[in-house]
Amino acid sequence: MNFILLAALVLLGRPDVTKSVIQIHADAFEHRLTFEEVLLVRKDSVDFVAGSGDNVQFKWDDSIIAVIHTHPDKGCERPSWQDVSTAVSHHVPVYVVSEF
């Protein structure tokens, strides 16, 4: 797990978020799932959403305080333009969990 993600977990300081991130990291890189998993970190809960690239869909609402998701494909370790756009337009951090 990369340093930035570990810093995010510490900053969020929530056991439910930490447990969820560990799970999606294991799914993507130990179990080699080929689809993206998204964690919608809400003020009082964490929701899982799964999909593939642009097909990941969820309804945005103001209770979302962060988005954490996997990029399981090699060569896609950095946030995409969609990730940056989401962060800017909704004023929330968007974290990418990658193998590197």
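## Helix α2

Helix α2 has 15 residues and spans 21 Å from its first C-alpha to its last, close to the 21 Å expected at 1.5 Å a residue; the expected span is 1.5 Å times one less than the number of residues in the helix. Helices (H or I, at least four residues) and strands (E, at least two) are DSSP runs, numbered from the N terminus. The model is a predicted one, in which local features need pLDDT of at least 70 and side-chain atom pairs count only at pLDDT 80 or more, while totals for chains, interfaces and linings use all residues. Residues are numbered from 1 along each chain as its sequence is written, and side-chain values use heavy atoms, with hydrogens and water left out.

The buried residues of α2 are Val17, Ser20, Val21, Ile24, His25, Ala26, Asp27, Ala28 and Phe29. Buried means under 20% relative accessible area, exposed means over 50%, and partly exposed lies in between (1.4 Å probe, protein chains only). Ser20, placed in α2, has a relative accessibility of 8% and counts as buried. The side chain of Ser20 reaches the backbone oxygen of Asp16 at 2.8 Å. A polar contact is a pair of N or O atoms within 3.5 Å; within protein, one must be able to donate a hydrogen and the other to accept it, and residues adjacent in sequence count only if both atoms are side-chain atoms. Leaving aside neighbours within four places in sequence, Ser20 is in contact (heavy atoms within 4.5 Å) with Leu39, Val46 and Phe48.

## Overall composition

The protein has 3 helices and 4 strands, which follow the pattern α-α-β-β-β-α-β along the sequence. Of its 100 residues, 39% count as buried. Among the contacts with a separation of 6 or more, 57% are between residues 24 or more positions apart.

The protein exposes about 6100 Å², and carbon and sulfur atoms supply 58% of that area. Accessible areas come from the Shrake-Rupley method with a 1.4 Å probe; for residues, only the protein chains shown count as cover.

## Nonpolar cores

In soluble globular proteins, nonpolar side chains tend to be buried together. A nonpolar core is here a set of buried Ala, Val, Leu, Ile, Met, Phe, Trp, Tyr and Cys residues joined through side-chain atoms within 4.5 Å. The largest has 12 residues: Val17, Val21, Ile24, Ala28, Phe29, Leu39, Val41, Val46, Ala66, Ile68, Tyr95 and Val97. The elements that give two or more residues to this core are α2 (15–29), β1, β3 and β4 (94–97). Helix α2 gives the most, with 5 residues. Apart from this core lies another, of 6 residues, among them Val38, Val49, Ile64 and Val67.

## Leu40 in strand β1

Leu40 lies in strand β1 and, at 2% relative accessibility, counts as buried. Not counting residues up to four places away in sequence, Leu40 touches Ser45, Val46, Asp47, Val49, Phe58, Ile64, Ala66 and Val67. Leu40 and Ile65 are 25 residues apart in sequence, and their C-alpha atoms are 7.8 Å apart in space.

## Salt bridges

A salt bridge is a side-chain nitrogen of Lys or Arg within 4 Å of a carboxyl oxygen of Asp or Glu. By this rule there are 3 salt bridges. One of them joins the side chains of Arg14 and Asp16, at 2.8 Å from N to O. Arg14 is buried, with a relative accessible area of 16%, whereas Asp16 is partly exposed, at 29%.

Arg42, Asp47 and Asp61 are linked in a network of salt bridges. The Arg42 side chain meets that of Asp47 at 2.5 Å, N to O, and that of Asp61 at 2.6 Å, N to O. Arg42 lies in strand β1 (residues 36–42) and Asp61 in the loop between β2 (46–51) and β3 (64–70), so this pair ties together parts that are 19 residues apart in sequence. Arg42 counts as buried, at 13% relative accessibility. Asp47 is partly exposed at 29%, and Asp61 is partly exposed at 30%.

## His91

His91 lies in the loop between α3 (81–90) and β4. Its phi is near 60°, a positive value in a residue other than glycine. His91 is exposed, with a relative accessible area of 71%.
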